[in-house]
4 protein chains.
Amino acid sequence: MILIIKNDKKDEVGKLIQWIKSQGLDVHMSEGQNTTIVGLIGDTSRVDIDLISSLDIVESVKRIQEPYKKANRKFHPNDTVVEVGGVKIGGDNFTLIAGPCSVETRDQIVGIARAVRASGAVMLRGGAFKPRTSPYAFQGLGAEGIELLKEARRVTGLPIVTEIMNFSQLDLFNDVDMIQVGARNMQNFDLLKALGQSDKPILLKRGLANTIEEWLMSAEYIMSKGNEKIVLCERGIRTFEPLTRNTLDLSAIPLVKELTHLPVIVDPSHASGLARLVAPLSLAAVGAGSDGLIIEVHNDPPHALCDGAQSIRPEQFDAIVGKIKAILPIVGKK
Amino acid sequence: MILIIKNDKKDEVGKLIQWIKSQGLDVHMSEGQNTTIVGLIGDTSRVDIDLISSLDIVESVKRIQEPYKKANRKFHPNDTVVEVGGVKIGGDNFTLIAGPCSVETRDQIVGIARAVRASGAVMLRGGAFKPRTSPYAFQGLGAEGIELLKEARRVTGLPIVTEIMNFSQLDLFNDVDMIQVGARNMQNFDLLKALGQSDKPILLKRGLANTIEEWLMSAEYIMSKGNEKIVLCERGIRTFEPLTRNTLDLSAIPLVKELTHLPVIVDPSHASGLARLVAPLSLAAVGAGSDGLIIEVHNDPPHALCDGAQSIRPEQFDAIVGKIKAILPIVGKK
Amino acid sequence: MILIIKNDKKDEVGKLIQWIKSQGLDVHMSEGQNTTIVGLIGDTSRVDIDLISSLDIVESVKRIQEPYKKANRKFHPNDTVVEVGGVKIGGDNFTLIAGPCSVETRDQIVGIARAVRASGAVMLRGGAFKPRTSPYAFQGLGAEGIELLKEARRVTGLPIVTEIMNFSQLDLFNDVDMIQVGARNMQNFDLLKALGQSDKPILLKRGLANTIEEWLMSAEYIMSKGNEKIVLCERGIRTFEPLTRNTLDLSAIPLVKELTHLPVIVDPSHASGLARLVAPLSLAAVGAGSDGLIIEVHNDPPHALCDGAQSIRPEQFDAIVGKIKAILPIVGKK
Amino acid sequence: MILIIKNDKKDEVGKLIQWIKSQGLDVHMSEGQNTTIVGLIGDTSRVDIDLISSLDIVESVKRIQEPYKKANRKFHPNDTVVEVGGVKIGGDNFTLIAGPCSVETRDQIVGIARAVRASGAVMLRGGAFKPRTSPYAFQGLGAEGIELLKEARRVTGLPIVTEIMNFSQLDLFNDVDMIQVGARNMQNFDLLKALGQSDKPILLKRGLANTIEEWLMSAEYIMSKGNEKIVLCERGIRTFEPLTRNTLDLSAIPLVKELTHLPVIVDPSHASGLARLVAPLSLAAVGAGSDGLIIEVHNDPPHALCDGAQSIRPEQFDAIVGKIKAILPIVGKK
């Protein structure tokens, strides 16, 4: 960390240096004609950059080391491969996860699970607890939804991933293969801490207004408590463009792969909120180097009225998977 | 709610109308030369607009009624005044809340409470549980911090407001006067539901990437469970401007006051993250019609190193309050 | 266009209807219990939606028809193919444009032109007039730069595209094959009008803060004056994410192809501002259905100090093109 | 400027230092255990930060000096006061500018000019050339509009400000008191250069997606050519919030006043696009320390159909001015 000291305050720098040393850090001074620079040497990940910036004598602060350690590729150069019920995510694997927005009935979830497995999906997704903007909207089947997911797993062999809403639900997720943290919970720090003490693989979605660094810090929260089985998921950020619900940030994929060793996948369904964009955005994600996709698929056109705007049908999913498989070897994936 | 039907799909509209009626709504049709419009009549707040938008035959959807009811000024024209330990928020009251970012020691919190009361603050804020981006940063004193806040209340008489992180902490907040929901928890729906079953006044901060409508829907979550004692708090939204941590959205103040009967206050400290902007933004908030302010104040310059970049000192707070008091009668506040 | 009339103002709707009819439009009324809806029938593209929204009696307005006509795919279902010096852009063509950020010397531009042609580029880009944030930065070689581009065209046969800064420069572009409108000029309406009277193909970049609809309206400006040879170019929008200069909005590609018949290409170099992201974002753009790419390439590592952060070297370009060619048949491109 | 050198590339730093020195700058090295820091000493405003960032051996770059000089308060501590036809803007003056969106007729502009002067406006605004998103919308009266503005000035004595669209119009503005650069032209660098060679006061609006630093760099463009009579104008930035057309960024006011000596005013009308928000946002701007306001006022309710959603009536303007005058002494303005 580098501190630029205000030119007219450089006489007061002694007290600051004393305080820095009291935090167990060393200091390197560099006095130019117009600028005094203080470099902090040691582990600065515990130093509060906002706090330092607020000091009267400090003009500005620049972090040199990233504030995350366990998630940092610098200290862990090889790709992490996360295993979920026998399925590998990360490295040169490409992992297809599919399923409905919400679990509704046994027939629905088993039917979709069979269909997406036939097309090449290796994991099943489905919402049991649903975060909804409106208190009057359907909030999911809850515990019963998880039971139906397990039933679909029993029938198809696909490991299951579903979203948790708060840590008091953790017991219900004992027999779930992977726990999803939704975008709105990405900075629910108490939930992250609790998941850090679990040994379940975690699918950590990026928050709608969160920077890549904040996202990695949320992974760091989980890892700092001991659980390193994390898969990141880009699902769009908030921008001014009104035609899509969110703006899928595919630049984040190569950046995340550079900054961390953790796998990162893409959710093209929630990103745009438009079923007809799922195919092009899925292929784009493959081109960007994503480690996988999580796609919403519904099965039953007559009941289409109960599916979200972002779901595609099994036959559309099948067509997308065909193209993905053709592109994968070109981008160095299995 | 109005549905625009695709021109080449209008023959299929019958099935949609049937489904709408099965939801307990009535329908009004209007067929133009190029456009067929279906108006939904009845309580459409339970209708999922994304779901309807996703239908093949629907070109677009427009909500006419706001999706919130209990928070809606149309159904409750008079200002709600929320009482917190004898202090009134809303109507023609202007409510000053002040205190440190984090509770640190008895001396600190009691000292600040005394100072801000002397300047005109009528409530005390202070963080016991702190949401921090980094797992390595100070996370607050927890339960002990709440005890210290109560001690400061005992000494000064100021009601206290402090932030909750998850609903399993609710018992710890039994003797707190007002519970704050932080920006990152604005869409922690399980927390909102739990608070809806409490009878505590709630300070509901706007999320960093949340629209005004989503903010009111979060208020509606709490109100739908029975608790109508809600004060909204604007604290800045995420934009591309890097010089401020967030961009304070003061247009939200008059808009919110138009859309809802609930009081709304402003947090100028977190909005910009810069202590030197607290004074101008406080006066701006008063001009915009805010029902109050919640300001971070620290007391002890020698310990400034442990305060955030956004805190001001008691003497600065005192100067701001002087100007606020002079402006209040001009904008119709007591 | 649909107007929702305020419930308590519906008695005053007569005057509004009279005014609408005076604009040459017809009206369809629909009175519900709580809502009066006025539908405007006819060509509403000239109606000012902000003006209507501002009327006291109007609660809200919804446009049904897009405000662009000549650019609208509804009225022109087939893909437009723009020809630039024998090169086709649009339809099932995929067009590779490459070249340096700025034209510097004859050797530089001819050398790069030869290299990118060898790899598969079919057009040459290069800046002669450079829009720079700082008045102290290099502003380009100007007219001399255009001469050097022509020389590179003479040697390699590649048609050239270069950016115009204002319409008084138009004479200098007489012998340029395609004129680029930069992101900062996307709403320089006088420039758009002047280009509409030219017969040159136009490369219209999306503005940093412009919606897709505004972008198509800028195309409409040019088309409304008679020039329909327009190629759109997505190059990133402004968001809160600091790690990339802009956020490439690849969802815009399939959306634009749905809304308009004009071709759309992607600039992965300016989008992120990072050379190491050019390869993944190029492949992502192909997956998203882009009609081409415009990529910055510099040739001379010893002079790398004078190239931008976003340029790649010819050998890197060659490797990217190899992968693109393998993906193109999968996405239905030649 | 500080360069952080990649740890594994520090052996190659010699060539970089040579190049920096060839640019007329000096260098200060600081080698830590894990980090090598190169400080650039001298005038770094000509150094291209993107160029340096792109070098293989550079991990990151931090500018210490602002890239603007003539606009920088560090080198010009006292407030600049810009005089426009006898009216002062800046310092402890508060300047009220008002008038219609577009000039329509002699009666309209003279009538409004008289009304706003009576309420306390000291300058008249009005659009002759209108930047419109749609080519089919009214584009302004052009040269005739400027003549009508002059007529209103003749009658009322109010100096006039109106928007220029391109520099070839400059002759038409010879007898205009102040030239406005609209938000969409903030980075029309050729226009800025031309205005720099004029001696007219310039009203420079902030672009919808431009940072404060970019805004000051655009002022620097004008100043670098010799014209230092610049007044900045905040008018809202693009965000995700759909209820307002833009989000007024009032934090920019105190920040701009800290960074530059130039005056800054606020346009509350274009910021939100909603007439009913003009009053609260005007008072908020005064609270934030603005040097003035530019407000849209229309005069003729029967013709209200031709005014924008953001205009208020003279009697509303009068009420706002009354409140502003009461607040001004509290914030230290005349």
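This is a predicted model: local features need pLDDT of at least 70, side-chain atom pairs count only at pLDDT 80 or more; totals for chains, interfaces and linings use all residues.

Visitor: Which residues form the negative surface patch with A:Asp8?

Guide: The patch is formed by A:Asp8 together with A:Asp11, A:Glu12 and A:Asp56. Asp and Glu count as negative, and therefore a patch formed by A:Asp8, A:Asp11, A:Glu12 and A:Asp56 is called negative.

Visitor: How do you know whether A:Ser282 is buried or exposed?

Guide: The relative accessibility of A:Ser282 is 0%, and buried means under 20%, so A:Ser282 counts as buried. A:Ser282 has its place in helix H9 (residues 278-288) of chain A, and its C-alpha atom is separated by 50 Å from that of A:Thr36, which is 246 residues apart from A:Ser282 along the chain. As for the setting, chain A has 334 residues, of which 66% count as buried, and its C-alpha atoms fill a box of roughly 75 × 45 × 40 Å along the principal axes.

Visitor: What makes the contact between A:Asp291 and A:Lys257 a salt bridge?

Guide: The closest N and O atoms of A:Asp291 and A:Lys257 are 2.6 Å apart, and the criterion asks for a side-chain nitrogen of Lys or Arg within 4 Å of a carboxyl oxygen of Asp or Glu, so the pair qualifies. The two residues are 34 residues apart and link distant parts of the chain, with A:Asp291 in the loop between H9 and strand S14 (292-296) of chain A and A:Lys257 in helix H7 (residues 252-259) of chain A. Both A:Asp291 and A:Lys257 are buried.

Visitor: Why do B:Arg153 and B:Asp175, which meet in a salt bridge, carry the labels buried and partly exposed?

Guide: The side chains of B:Arg153 and B:Asp175 meet at 3.0 Å, N to O. This pair also links distant parts of the chain, from B:Arg153 in helix H4 (residues 143-156) of chain B to B:Asp175 in the loop between strand S9 (160-164) and strand S10 (178-181) of chain B. B:Arg153 has a relative accessible area of 16%, and buried means under 20%, so B:Arg153 is buried. B:Asp175 has 39% relative accessibility, which lies between the cut-offs of 20% and 50%, and therefore B:Asp175 counts as partly exposed.

Visitor: What makes D:Arg276 and B:Glu258 a pair that crosses between chains?

Guide: D:Arg276 lies in the loop between helix H8 (268-272) and helix H9 (278-288) of chain D, while B:Glu258 lies in helix H7 (residues 252-259) of chain B. Their side chains meet in a salt bridge at 2.5 Å, N to O. D:Arg276, at 48%, and B:Glu258, at 34%, are partly exposed, because that label covers values between 20% and 50%.

Visitor: Why is strand S14 of chain C called largely enclosed?

Guide: 5 of the 5 residues of strand S14 (residues 292-296) of chain C are buried, so the strand is largely enclosed by the rest of the structure. In a regular strand the side chains alternate between the two faces of the sheet. From S14(C), C:Gly292, C:Ile294 and C:Glu296 point one way, C:Leu293 and C:Ile295 point the other way, and all are buried. Strand S7 (residues 95-99) of chain C runs parallel to S14(C) and is joined to it by 5 bridges, with C:Gly99 standing opposite C:Glu296.

Visitor: How do you know that both faces of strand S10 of chain D are covered?

Guide: In strand S10 (residues 178-181) of chain D, D:Met178 and D:Gln180 on one side and D:Ile179 and D:Val181 on the other are all buried. S10(D) pairs in the parallel sense with strand S9 (residues 160-164) of chain D over 4 bridges, and with strand S11 (residues 202-205) of chain D, again in the parallel sense, over 3 bridges. D:Ile179 stands opposite D:Thr162 and has D:Ile202 as its bridge partner in S11(D).

Key
Residues are numbered from 1 along each chain as its sequence is written. Chains are lettered from A and ligands numbered from 1 in the order in which they are written. Side-chain values use heavy atoms; hydrogens and water are left out. Patches are made of residues with over 30% relative accessible area and no salt bridge: like charges are joined within 9 Å, nonpolar side chains (Val, Leu, Ile, Met, Phe, Trp, Tyr) within 5 Å. Accessible areas come from the Shrake-Rupley method with a 1.4 Å probe; for residues, only the protein chains shown count as cover. The place of a charge is taken as NZ of Lys, CZ of Arg, CG of Asp or CD of Glu. Buried means under 20% relative accessible area, exposed over 50%, partly exposed in between (1.4 Å probe, protein chains only). Two strands pair if DSSP finds at least two bridges between them.
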